[in-house]
Amino acid sequence: MPLRKRSEPSPDTPAIRVRGLEKVYKMGVERVRALDGVDLDIARGEFVAIMGASGSGKSTLMNMLGCLDRPSAGEYELAGIPTRRMNAARLAKVRNERIGFIFQTFELLPRATAIQNVMLPMIYSRKHAFGARGRAKSALRRVGLGDRMRHRPNQLSGGQRQRVAIARALVNEPAILLADEPTGNLDSNTTTEIIRLFTDLHAEGQTIVIVTHEEEVAGYAQRIVRLRDGKVFSDGPTGEDALHLAYLQSMAGAAARRAGEGASA
Ligand SMILES: Nc1ncnc2c1ncn2[C@@H]1O[C@H](COP(=O)(O)OP(=O)(O)O)[C@@H](O)[C@H]1O
Ligand SMILES: [Mg+2]
């Protein structure tokens, strides 16, 4: 067997490999099955959009992929590394060094400047302890905020705050970038700017998974995975997804017309 260090997965190892993933939330005596047997492979360098109605399990799936929470059952391998048996400390390290997470509400520290916010992940990882400030600066320049490094979040617009969050997510060179409704709090011009940034990062080879409920935003991804009731309902290239959706809508329209004709007859 060829020797390969764990940190260097083979090029065809998927960035994400999920099998039979389940998540059950317990609320007193009630149980909510938020994920119900999800299988998903995402190749390195892919740009995938996750869609689905509110409550379909999108955020739950992202939290599992981001190692922010553990599944109730199933397997998750991140860049070929199984996460199931990791203890909390190891999981936190993987999360910090290999995953960049972007939230709808930015989640910046309000009293820290842009550069301080971006430096935070490096404080916890020894990987980039040296040159942390320089790395943070170049990450901020990368997202177009070279002239806003000493601004605090309340001195920045929504789009600029999200750029700081993206710089923070990128600074440890994560294996995957996960974004849960990153444009949910932004106006349409700012949404377009942020999505352009994602497509640029994708063109540079970054693996990206984004949750959105906007078809237009999802249209920038290469592939759309739709969830329904905690299951993968459809999964395909973005062009095919649009055709598939148009087909389903035309069939539903035809069915409704027939029902209408039936009722008036
Ligand atoms: N922490 C939690 N405790 C209990 N139920 C939860 C929790 N988080 C999510 N849920 C439930 O799990 C289901 C999926 O939620 P979520 O993943 O947030 O959906 P989405 O992001 O697609 O809107 C919903 O029914 C939601 O109410
Ligand atoms: Mg959600």
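**A guided conversation**

Mentor: M122 counts as buried, because 23 C-beta neighbours lie inside 10 Å. Please keep in mind that this is a predicted model.

Trainee: Which helix is the place of M122?
Mentor: M122 has its place in helix α3.

Trainee: Staying with α3, at what angle do the axes of α3 and α5 cross?
Mentor: They cross at roughly 30°, and the axes come within 7 Å. Angles under 35 degrees count as roughly parallel, and α3 and α5 are therefore roughly parallel to each other. The crossing in which α3 passes α5 is right-handed.

Trainee: Which residues make that contact?
Mentor: From α3 there are A114, N117, V118, L120 and P121, and from α5 there are V164, A167 and R168. By class, the contact of α3 with α5 has 6 nonpolar, 1 polar and 1 charged residues.

Trainee: What about α5 and α6, how far apart are their axes?
Mentor: The axes are 10 Å apart, and helix α5 (residues 158–170) packs against helix α6 (residues 188–203) at an angle of about 20°. That angle makes α5 roughly parallel to α6. Here α5 passes α6 in a right-handed crossing.

Trainee: Which residues meet there?
Mentor: On the α5 side they are G158, G159, Q162 and I166; on the α6 side they are T190, E193, I194 and L197. By class, this contact of α5 with α6 has 3 nonpolar, 4 polar and 1 charged residues.

Trainee: Changing topic: which residues are around ligand 1?
Mentor: Around ligand 1 one finds Y25, M27, V32, A34, G52, S54, G55, S56, G57, K58, S59 and T60. The elements giving two or more residues to this shell are β1 (16–27), β2 (30–42) and α1 (58–65).

Trainee: Which element supplies the largest share of the shell?
Mentor: The largest share comes from α1, with 3 residues.

Trainee: How do the shell residues divide by class?
Mentor: The shell around ligand 1 has 4 nonpolar, 7 polar and 1 charged residues.

Trainee: Back to α1 for a moment: how many of its residues are buried?
Mentor: In α1, 6 of the 8 residues are buried, so the helix is largely enclosed by the rest of the structure. The buried residues are K58, T60, L61, M62, M64 and L65.

Trainee: And which residue with a positive phi follows α1?
Mentor: That residue is C67, whose phi is near 55°.

Trainee: Now F106, what is its phi?
Mentor: F106 has a positive phi of about 65°, although F106 is not a glycine. F106 lies in the loop between β6 (99–103) and α3 (114–124).

Trainee: Is F106 buried or exposed?
Mentor: F106 is buried, because 20 other C-beta atoms lie within 10 Å, and 20 or more is the condition for being buried.

Trainee: What is the phi of E181, then?
Mentor: The phi of E181 is near 50°, a positive value in a residue other than glycine. E181 lies in the loop between β7 (176–180) and α6. E181 is buried, with 20 other C-beta atoms within 10 Å.

Trainee: Let us turn to R84. Where does it lie?
Mentor: R84 lies in the loop between β5 (81–82) and α2 (88–98). R84 counts as exposed because it has 11 C-beta neighbours inside 10 Å.

Trainee: How far is R84 from G74 in space?
Mentor: R84 and G74 are 8.3 Å apart from C-alpha to C-alpha, and 10 residues apart in sequence.

Trainee: Which residues is Q222 in contact with, leaving aside its neighbours within four places in sequence?
Mentor: With those neighbours left aside, Q222 is in contact with E46, F47, V48, P237 and T238. As for R31, Q222 is 191 residues from R31 in sequence and 35 Å from R31 in space, C-alpha to C-alpha.

Key:
Residues are numbered from 1 along each chain as its sequence is written. Chains are lettered from A and ligands numbered from 1 in the order in which they are written. This is a predicted model: local features need pLDDT of at least 70, side-chain atom pairs count only at pLDDT 80 or more; totals for chains, interfaces and linings use all residues. Axes are lines fitted to C-alpha atoms, for helices over the stretch in contact, and angles run from 0 to 180 degrees between N-to-C directions. Helices (H or I, at least four residues) and strands (E, at least two) are DSSP runs, numbered from the N terminus. Angles under 35 degrees count as roughly parallel, over 145 as roughly antiparallel, 65 to 115 as roughly perpendicular and the rest as oblique. A crossing is left-handed if the near helix is turned anticlockwise from the far one by less than a right angle, and right-handed if clockwise. Two residues are in contact if their C-beta atoms, placed from the backbone, lie within 7 Å. Ala, Val, Leu, Ile, Met, Phe, Trp, Tyr, Cys and Pro count as nonpolar, Asp, Glu, Lys and Arg as charged, and the others, Gly among them, as polar. A residue is near a molecule or strand if its C-beta atom, placed from the backbone, lies within 6 Å of it. A residue is buried if 20 or more other C-beta atoms lie within 10 Å of its own, exposed if 12 or fewer, and partly exposed in between; C-beta atoms are placed from the backbone.
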